[in-house]
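Reader: I am new to this structure. Please take me closely through a single part of it.

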Amino acid sequence: MWASTILLLAAAAYMVLLFAIASFGDRRAATGRSIINSSVVYALSLAVYCTSWTFYGSVGRAAASGLDFLPIYLGPTLVFCLGWVLLSRILRVSKAHRITSIADLLASRFGKSGAVAGLVSVIAVIGSVPYIALQLKAVSTSLNVLLEYQGSFGEGSQTASVLRNTELWVAAVLALFAVLFGTRKIDASERHEGIVAAIAFESIVKLVAFVAVGLFAGLVLFDGFGDIFARAAVRPELAKLFDFGGPAASIEWIGLTFLAMAAIVCLPRQFQVMVVENVDERHLDRALWLFPAYLIAINLFVVPIALAGLLSAPAGTDPDTLVLTLPLAAGYNGLALLAFLGGLSAAASMVIVETVALSTMICNDLVVPMLLRLGRLAADTRPVLLGIRRAAIGLVVLLGFAYVRVVRESYGLVSIGLVSFAAVAQFFPAIVFGLFWRRANRLGVLVGITAGFLVWAYTLLLPSFASVGWLPRELFEQGPFGISLLRPSTLFGLEGLDPVTHGLFWSMLFNITGIVGVSLFVEQSALERSQAALFVDYWRGAGREEGRLWRGTAQISDLVQLVGRFLGEAQTRQTFDAEARRRGRDPAALAADAETVRLAERLLAGAIGSASARVMVASVVHEEPIGTEEVMRILDETSQAIEYSRRLEQQSRALEATTAELRRANERLRELDRLKDDFVSTVSHELRTPLTSIRSFSEILLDNPTLEQQQRQEFLRIIVTESERLTRLINDMLDLAKIEAGKLEWHMQPVSASEVAREAAAAMGQLFRDRRVKLEVKLTDALSTTIADRDRLFQVIVNLLSNAVKFSPGDVGLVALTVENETDGVRLSVADNGPGVAPNQREAIFERFRQVGDTLTSKPEGSGLGLAISRMIIEHFGGRTWVEDGPGGGAIFRVWLPRQPAAALAG
Amino acid sequence: MPQEARRRDRLVGLFALGVVLFNPPMLWIFARSTLFGWPLLFVYLFCAWAALTAIIALTVERRRTPPPLEVE
């Protein structure tokens, strides 16, 4: 047992520390050196999700029903898997529109509707008060346990409180904290860095405290965690905790998972830390796994602590206080104090953030609209607004305190939390539909949320009133007017579900049906339509046309004065000047065009919410209404324009590709043209040489009839040789032209390459003997069959042989003709021991009229077309022709021909 | 940004996986049995949870690495 003074001092010291951290955070923010600009701090601040409900209540629930406290933490993990689909979308849209709360988000999406904002705010307050009450109760209960614990279980929480008004004190301190650090600035969309720093710190404290108690339970009280489980296993009532009940338990599990998924997005405090207090969108990335990791860490020891408590504590101990009573019973008072501070952290962070979030909603979405309607807004509204927010914080905390006093012991911690979750879960369908379904409309959301909320109140809230005796019990046992179908716990005769799942099912059914049904049958207004486009199509660059969706006239001085009333004259002037400079205009000449009016409205929205901002701006601006038709036209135009530009980009890319292709084709054409010119001039040259010699010798013969017989014979022989050469040249050219034009007749048939080679060698024999060049023939007979035109193949071999003999030196010249079998073809080679072919000429020699060597000094024989024709013929047979270095100098011309398929061979 | 989109889709896939892993009827498989004296349902849930979180971490943190070269 702790002396009350020491305990109070410790608690007070801890609160002072929190105040110090918060004010340090605020001061650092003021000097521009933020201490919360980190993804780790962001993830820790998200852990405000884990309240005293987690800290004390999870153990209680685990002790009562096993693992079914876990869905509350598995659900958020699942939502964080959707971080880049759902959460980052909420973040981005909210930042763009300076959203200040979840009520503001929904209001802005559904046509800046004041009604939506008000409805959501009311529900958020009603749903959150029990939850705040729960925190206050947890703190006071834990304090009492520490103060009154007498060394045995079961007495602490029953004894009357020493400090009569613990809850009131706790409430007052937390409210003071929230007022001090949560209402410094008027712009609610700005961050409260001090608060976030404190929350992050508290998240560390509660995690450390809980893990410490868990390790203590496992390692000090018992002989390791295996020991706890082993002992629990032999007690049937404990072993049963790890059983999974029938269908009812399964449905409850699924329902709780869904509830938690909705809550992590919709709880006002979660929205506050996740969206409003977010420094940098990129922090979300790391938080996507850091936050689930935090949840795992803080839940890991829940079951061991619960089992340890059940194993060692006498019956009748309040399982919700096991975190404290376990260390106390073992005499570890210091650990108990740490656990108490952990629980205090959990409760405090929740109350602080929740009240700040709720105060923003109450002020912006409930009180300001009312003042606007009454026309009771002072010229300088800043002190008024801050006053309203401070009062709202006080009011919320007071409501929580009142709720504790009234409902007291009737509900377990966890039940209260779940009922709160179910209330805010009513916003979930609206958010999801609002962000992903353009046609979801204002009326649908109003109907859906209202219906869902009413069902929630009927099935979940009223029973708690009945339990305190505000309502007659008969109403719940027999149903109103005795109609059993309307019994709140088994609505429409739906039995077999636990109360929360039952209420969740009916409220969600009415909620979603309302939203979808009404949205399908009711048209959107122009403003709704444009806001819907801004939210749903944000990814696709919508928002650029925002300015086009407004038309009207305004005075710049009116706008500045209006915004100045909320944000201060000087600051407003500065902002407008900055805007003018951004647009490259003279600040004095800034026009009150659509963009400027939007800026004014956005600035105001940050202070008083989008719905009120719209009303305020409308009061100084003469707006021309734009019809739904026109909004649709503009939006369609915009999306069409985006589509067109996308297509244009595609087409211009295609065009570039085509241009490049054309350029290449053109270059190729030019090259061919040049080749053709070369060809013509070469041909003329080649024809002229023999013609010239024929003509000159003929003239000699004609002019000199007295020429000697021998001389005459000699000249005539030259004329014949030159004529033959001319004929050969013309024949070759005709062949080439025919092959190129595809007019040559091919007699394709199975041919033995060896046989043709032998014939060719025989035909060339005389030429070789004349030149005194040795010809070696190495042929293979087996399977050298290919499909070819026999005469053409003969022509190729003769061509290669005459080529070889031409370049072989006399007397020592050696030409080898080889036919070999390869795996899939026949290889024919003609090797010589001449000068060889330089590597850079190896392709060129297959071009027309391309002859190796200097044509000026040595007169090559042949037309210069032989190799070109050979290559074309072989290609026609499906083969290849190339030239290689010979092993001992010289060149090897190779021809590869595909082997005739076996089937053709057989036939 | 196809790389971004692919990783976003991966996370959505993890969501679907999580929905299956964390809910009945998957959980029925692990009820009532034990593993080395530890309740299997407890061990399973925390292992699956940790694994899922680890995969989120891997997916999210592999941020600024260049995309792998296309190898034919």
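Author: Start with a strand pairing: in E9(A), Phe893(A) is the bridge partner of Val830(A). The model is predicted: local features need pLDDT of at least 70, side-chain atom pairs count only at pLDDT 80 or more, and totals for chains, interfaces and linings use all residues. Residues are numbered from 1 along each chain as its sequence is written, while chains are lettered from A and ligands numbered from 1 in the order in which they are written.

Now the strands around that bridge. Strand E7 (residues 825–831) of chain A pairs with E9(A) through seven bridges, in the antiparallel sense. Helices (H or I, at least four residues) and strands (E, at least two) are DSSP runs, numbered from the N terminus. Two strands pair if DSSP finds at least two bridges between them.

E9(A) has another partner to look at. E8(A) and E9(A) run antiparallel, joined by six bridges. Here Phe893(A) of E9(A) turns up again, as the bridge partner of Val883(A). E8(A) and E9(A) form a hairpin with five residues between the strands. In that hairpin, Gly889(A) has a positive phi near 80 degrees.

Next, the faces. In a regular strand the side chains alternate between the two faces of the sheet. In E9(A), the covered face holds Ala891(A), Phe893(A), Val895(A) and Leu897(A). The uncovered face holds Ile892(A), Arg894(A), Trp896(A) and Pro898(A).

What packs against strand E9 (891–898) of chain A? The buried residues of H33(A) do. They also pack against strand E8 (880–885), helix H30 (709–741) and helix H32 (790–807) of chain A. Contact between two residues needs C-beta atoms, placed from the backbone, that lie within 7 Å.

Which residues of helix H33 (residues 866–876) of chain A are buried? They are Gly866(A), Leu867(A), Ala868(A), Ile869(A), Ser870(A), Ile873(A) and Ile874(A). A residue is buried if 20 or more other C-beta atoms lie within 10 Å of its own, exposed if 12 or fewer, and partly exposed in between; these C-beta atoms are placed from the backbone.

After H33(A) comes Gly878(A). Its phi is positive, near 85 degrees.

To recap, Phe893(A) in E9(A) is the bridge partner of Val830(A) and of Val883(A). Phe893(A) belongs to the covered face of E9(A), and E9(A) is one of the elements that the buried residues of H33(A) pack against.
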